[in-house]
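Visitor: Hi, I'm new to this one. Could you put it up on the screen and walk me through some parts?

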Amino acid sequence: MSIAIAPRAAARPLPSGLRVAARQLSGVKILIPFIALVGVWWAIREAGQFPERVLVSPARVWDTLVVLASHGVLAEYISTSMSMIGIAAVISLAIGVPIGFLIGSNRYAARGLEAFLRYLQGVSGIAWLPLVIIWFGFTHTTTLVIVIYTLIVPIIFNTMTGVRAVPEHYALALRSLGASRLRLITDVYLPGALPSIVVGLRLGMGYGWRALIAAEMLVRQGGLGDLIFGARTSGQIDRIIGGMILIGTLYIIVNRLLVQPLENLTIARWGVLRK
Amino acid sequence: MMAVQNSAEKIVVSGFRHFFDTEDGPVQATGEINLKIAAGEFVTLAGPSGCGKTTLLKAMAGFLRPTEGAIHCDGKLVTQPGRERGVVFQELAILPWRTVRRNIGHGLEIAGMPKAERDEKVARLIELIGLGGFEDRYPHELSGGMRQRVAVARTWAADPDVILMDEPFAAVDAMTRLTLQEELARLCAATRKTVFFITHSVDEAVFLGDRVLVMTRRPGTIKATIEVPRRSPGGRDWESFTTDPAMQSIAEQVLRMVRAERGAADADEKREAAVAAPP
């Protein structure tokens with residue numbers, strides 16, 4: 001990364017100790033904006049002398065998080081949110097990929113439904129909440145429906161475009177090797193569309209996570225959205241900010257530990273869409 | 001019509017004509033084509049671009065149904081792709097998510113050959129095409145020439161009777177192309193496949209073919225057939241080809257015919273342009 005700035009350093013391989021240090025430095029670089037944000041937050045709080053019900057200090061939020069964690073409350077809220085997004089992702093893949101395949105393998109269907117899918121993306125999951133609450137009440141089902149709806153559209157859309165982007169002669173070549181229709185799907189279209197499906201999953205997880213928090217705030221059946229919205233009614237600023245920090249952190253963790261390894265496995269190794 | 005079928009005739013194209021449906025109505029892709037290819041024969045087809053060469057090959061492969069006429073392979077009407085007719089494309093058609101070994105063995109895998117037997121056969125082919133040591137590489141880690149070798153090997157591994165090749169070496173650099181052509185000539189001499197090979201290179205057509213067909217400009221028909229005397233398989237290299245006066249005179253003859261069609265095609269275009277936009 002920044003190692004290559006000095007030409008001499010680039011020409012000579014760095015000693016391994018230095019290289020490790022450089023990598024650690026780039027790790028610190030990621031943290032710099034966060035540290036700056038906390039610094040600004042702390043400075044505003046100190047300068048303004050705000051009362052506790054308007055703004056609390058970073059240290060106070062940290063203490064609250066530690067207390068909540070030690071009582072097991074945090075684990076409860078986190079596990080609700082995580083299992084919701086997990087279940088939604090599995091169901092969305094199980095339904096969305098076959099639908100995307102069906103649409104993608106038919107030129108007319110793909111052309112006809114593209115505008116419709118875009119339209120659905122416009123009517124966000126949150127906009128469905130009033131209707132879905134009327135149908136399913138304030139339940140986990142309602143939350144799941146909203147999150148699946150949000151997650152599944154990018155998965156369908158990207159599966160469809162992925163299938164359509166597979167070069168025609170891949171399939172023709174395989175047909176002349178005697179491949180059946182099923183073979184074409186398992187050996188050509190599914191692996192060919194996989195990088196695009198993973199992109200759809202990543203986008204969907206991003207949208208879905210946001211929709212999940214929003215749905216939890218209204219449905220109030222546990223989860224991090226419930227945590228921060230509940231804290232609002234009792235004016236617990238420390239819980240609200242702590243919950244927000246967790247929401248962002250968990251999103252990064254899900255993305256880093258789940259989606260990115262998947263992406264590296266398919267995209268980088270096959271050289272299909274090299275970064 | 002095809003009542004009497006000579007058993008030595010592998011492929012018979014009779015009364016073939018093809019039209020493509022476009023928004024402006026049907027467009028004629030080829031004129032009437034009649035063609036017989038004997039078993040074990042290497043036939044090359046040269047012609048100006050856009051003359052319908054690829055359309056003919058696609059119909060032989062079974063990828064499209066001819067508008068008129070019929071194509072028979074071993075006396076059976078061709079209606080869809082089949083394992084007995086392998087195809088090597090100009091575009092790279094090996095799968096980027098499969099290693100060299102798994103790409104070459106793909107046809108055998110589809111045919112249900114047990115893994116041990118398959119690996120053995122693939123290993124022999126990999127040696128033959130000089131890709132030893134690259135078995136577990138992915139296509140994006142190979143050079144263009146190596147990739148096209150894998151594509152050719154995949155088709156050969158499936159052991160079809162007929163191999164249809166659509167400018168397979170067009171996208172490779174010139175030096176590599178010479179090597180690939182020599183390798184193909186050797187491979188064909190060793191395996192006695194029936195090959196139908198499309199090219200727009202006159203030298204390639206004469207170098208590889210037992211018989212060279214020259215196609216007219218669009219809508220293409222077969223303008224001439226030139227027999228190329230048999231050479232010994234060992235003598236099939238570019239050095240002896242370029243120094244053989246007999247070969248050179250054939251190449252010159254083919255070149256003159258192809259150029260005449262090219263020139264006529266250009267003249268057609270100019271005339272059409274003049275009609276479309278009068279001065």
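Visitor: Let's start with charges: which residue forms a salt bridge with Arg60(A)?
Guide: That's Asp238(A), with the closest N and O atoms 3.3 Å apart. A salt bridge here is a side-chain nitrogen of Lys or Arg within 4 Å of a carboxyl oxygen of Asp or Glu. Before we go on, this is a predicted model: local features need pLDDT of at least 70, side-chain atom pairs count only at pLDDT 80 or more, and totals for chains, interfaces and linings use all residues. Residues are numbered from 1 along each chain as its sequence is written, chains are lettered from A and ligands numbered from 1 in the order in which they are written, and side-chain values use heavy atoms, leaving out hydrogens and water.

Visitor: Where do Arg60(A) and Asp238(A) sit in the chain?
Guide: Arg60(A) is in helix H3 (residues 58-70) of chain A and Asp238(A) is in helix H11 (residues 237-270) of chain A, so the pair links distant parts of the chain, 178 residues apart. Helices (H or I, at least four residues) and strands (E, at least two) are DSSP runs, numbered from the N terminus.

Visitor: Is Asp238(A) buried or exposed?
Guide: Buried, at 9% relative accessibility, while Arg60(A) is partly exposed at 33%. Buried means under 20% relative accessible area, exposed over 50%, and partly exposed in between (1.4 Å probe, protein chains only).

Visitor: How many salt bridges does the structure hold?
Guide: Over all chains, 26. One of them joins Glu9(B) and Lys36(B), with closest N and O atoms 3.9 Å apart. Glu9(B) is in strand E1 (residues 9-22) of chain B and Lys36(B) in strand E2 (residues 25-38) of chain B, 27 residues apart. Glu9(B) counts as buried at 17%, and Lys36(B) is partly exposed at 46%.

Visitor: And what separates Lys115(B) and Asp119(B) in helix H4 of chain B?
Guide: About one helical turn, because they are 4 residues apart in that helix (residues 115-128). Lys115(B) is exposed at 53%, whereas Asp119(B) is partly exposed at 25%. Elsewhere, Arg217(B), Lys223(B), Glu261(B), Asp268(B) and Arg271(B) are joined into one network by salt bridges that share partners.

Visitor: Switching topic: what order do the 6 strands of the open sheet in chain B have?
Guide: The order is E6-E7-E8-E3-E9-E10, with mixed pairing. Two strands pair if DSSP finds at least two bridges between them. Strands E6 (85-88) and E10 (222-227) of chain B stand at the edges with a single partner strand each, so one side of each has no neighbour in the sheet.

Visitor: In which sense do E7 and E8 of chain B pair?
Guide: Parallel, over 5 bridges, with E7 covering residues 162-166 and E8 covering 194-199. Met165(B) has Phe197(B) in E8(B) as its bridge partner.

Visitor: Back to chain A: which residues form the nonpolar patch on the surface?
Guide: Leu131(A), Ile134(A), Trp135(A), Phe136(A) and Val145(A), with about 510 Å² of accessible area together. Areas come from the Shrake-Rupley method with a 1.4 Å probe; for residues, only the protein chains shown count as cover. Patches are made of residues with over 30% relative accessible area and no salt bridge; like charges are joined within 9 Å, nonpolar side chains (Val, Leu, Ile, Met, Phe, Trp, Tyr) within 5 Å.

Visitor: Which helix gives the most to the patch?
Guide: Helix H6 (residues 125-136) of chain A, with 4 residues. Phe136(A) lies in that helix and is partly exposed at 40%.
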